[in-house]
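Take a first look at this structure before reading on. The report below walks through a few of its contacts.

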Amino acid sequence: MEEGVQSAELRTKPLLAVLAGQRLAVPPVWMMRQAGRYLPEYRAVREKAGGFLDLCFNPELAAEVTLQPVRRFGFDAAILFSDILVIPLALGRKLWFVEGEGPRLEPLADVKTLLALRGEVDAEVLAPIYETVKRVKSALPQGTAFIGFCGAPWTVATYMVAGRGTPDQAPAKSLAAGEPAAFQYLVDCLVEASVGYLAGQLDAGVEVVQIFDTWAGSLPPHDFERWCVEPTRQIVRKLRARKPGAKVIGFPRGAGRNIPRYVEETKVDAVGLGNEIDRAFARDDIQTRVPVQGNVDPNILLQGGAALDREVDDVLDKLGSGPLIFNLGHGILPQTPIAHVERMLKRVRG
């Protein structure tokens, strides 16, 4: 990107300014899962699309739901509507969604099946997602940044091994402990696929990418280094080799006091904070290294009222003196009233 263009974007797009290390009096705001079931306009499009994957792979409809929360709330960023499990699908694994229960995949039940995994993505599977990015990019307001994403290798691997989400990620942990070389092959495949996928999103028009490691907090220290930090470090390094200057937000959910090490070793530009993080620790030990993103408790947003006001004020009080992207500690809950989101935004923006 030319220097003049970059400077102009930093002036007009608050989220990009914060990622460059600036502290803004009014922090930029977006919400994880901001395009979703809490919005009636989303539910109407979802019904029109049919299944969840049908919506993800329909560029016209996926672009529409990506834009809906930006139109309604004026968020400072749009995030691509898709799913972290499109990468296993592009690697040849069957993927489907069970209404009310979540994703299902063919489990990688043994080493033979795992080692037979296709090592390269099917570009045709991902092509509709890149088309969605192009459509959204052409329709975004001038000051709105555009975020793409992928799932981190550890988190995606937990779904691939078990064939579904599990409460303790035990199947993946067992495989990693018993067959570390085979599990390493899976993680390596996911690293390469993720680099290509994120580069494709950047080529199509996103300006920032986020790496979601939803289950990072389930790993003990040694495994955290091997299965969370190292794969993310490789993704960031290889992505910047292909796309110099690429902006990356890491979100190692539940990593707690391991986050400073994660930041130092992965070289992410900012880090998302789960709502379990002590904000004084985040201010003193994380925000001194990189901008932070977060971390309102989605359950308190659901509750609303004075509790929500106190939560917003505490985030701004503890983290507002440094570079901050105001967000939730995880995705918005589907039953959250729209009025609570409006109240939160009004309080953040004064």
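## Aromatic pairs

The model is predicted. Its aromatic pairs number 10. One of them joins Tyr38 and Phe73: the ring centres are 6.4 Å apart and the planes lie at 10°, so this pair is stacked. Stacked here calls for planes under 30 degrees apart. Tyr38 sits in the loop between α2 (14-19) and α3 (40-49), while Phe73 belongs to helix α5 (residues 59-73), so the pair ties together parts that are 35 residues apart in sequence. Tyr38 and Phe73 are both buried.

Trp154 and Phe183 make an edge-to-face pair, because their planes stand at 65° with the ring centres 5.9 Å apart. The cut-off for edge-to-face is over 60 degrees. Trp154 is in helix α9 (residues 153-162) and Phe183 is in helix α11 (residues 180-204), so this pair ties together parts that are 29 residues apart in sequence. Trp154 is buried, and Phe183 is buried too.

## A ring cluster and a charge over a ring

Some rings join up in a cluster. Ring pairs link Tyr42, Phe52, Phe81 and Phe97.

Arg257 lies over the face of Phe281, 4.1 Å from the ring centre.

## Two packed helices

Two packed helices are described by the angle between their axes and the distance between the axes. For helix α12 (residues 221-242) and helix α13 (residues 259-266), the angle is about 35° and the axes are 9 Å apart. The crossing of α12 and α13 is right-handed.

Which residues of α12 and α13 make the contact? From α12 come Pro221, Phe224, Glu225, Cys228, Val229, Thr232, Arg233 and Val236. From α13 come Arg261, Tyr262, Glu265 and Thr266. Sorted by class, the contact of α12 with α13 holds six nonpolar, two polar and four charged residues.

Is Leu15 buried or exposed? Leu15 has 0% relative accessibility, so it counts as buried. Buried means under 20%. Leu15 is part of helix α2.

Neighbours within four places in sequence are left aside here. Beyond those, Leu15 is in contact with Pro28, Trp30, Asp76, Ala77, Ala145, Ile147, Val208 and Ile325. Another pairing spans much of the numbering: Leu15 and Phe326 are 311 residues apart along the chain. Their C-alpha atoms are separated by 9.7 Å.

Terms used. Residues numbered from 1 in each chain as written. Predicted model: local features only at pLDDT ≥ 70, side-chain atom pairs only at ≥ 80, totals over all residues. Heavy atoms only, no water. Phe/Tyr/Trp six-rings, centres within 6.5 Å; stacked < 30°, edge-to-face > 60°. Helix = DSSP H or I, 4+ residues; strand = E, 2+ residues; numbered from the N terminus. Buried < 20%, exposed > 50% of the residue type's maximum accessible area, 1.4 Å probe, protein only. Lys NZ or Arg CZ within 6 Å of the ring centre and 35° of its normal. Axes fitted to C-alpha atoms, helices over the stretch in contact; angles between N-to-C directions. Left-handed = near helix turned anticlockwise from the far one by under 90°. Contact = heavy atoms within 4.5 Å. Nonpolar A, V, L, I, M, F, W, Y, C, P; charged D, E, K, R; others polar.
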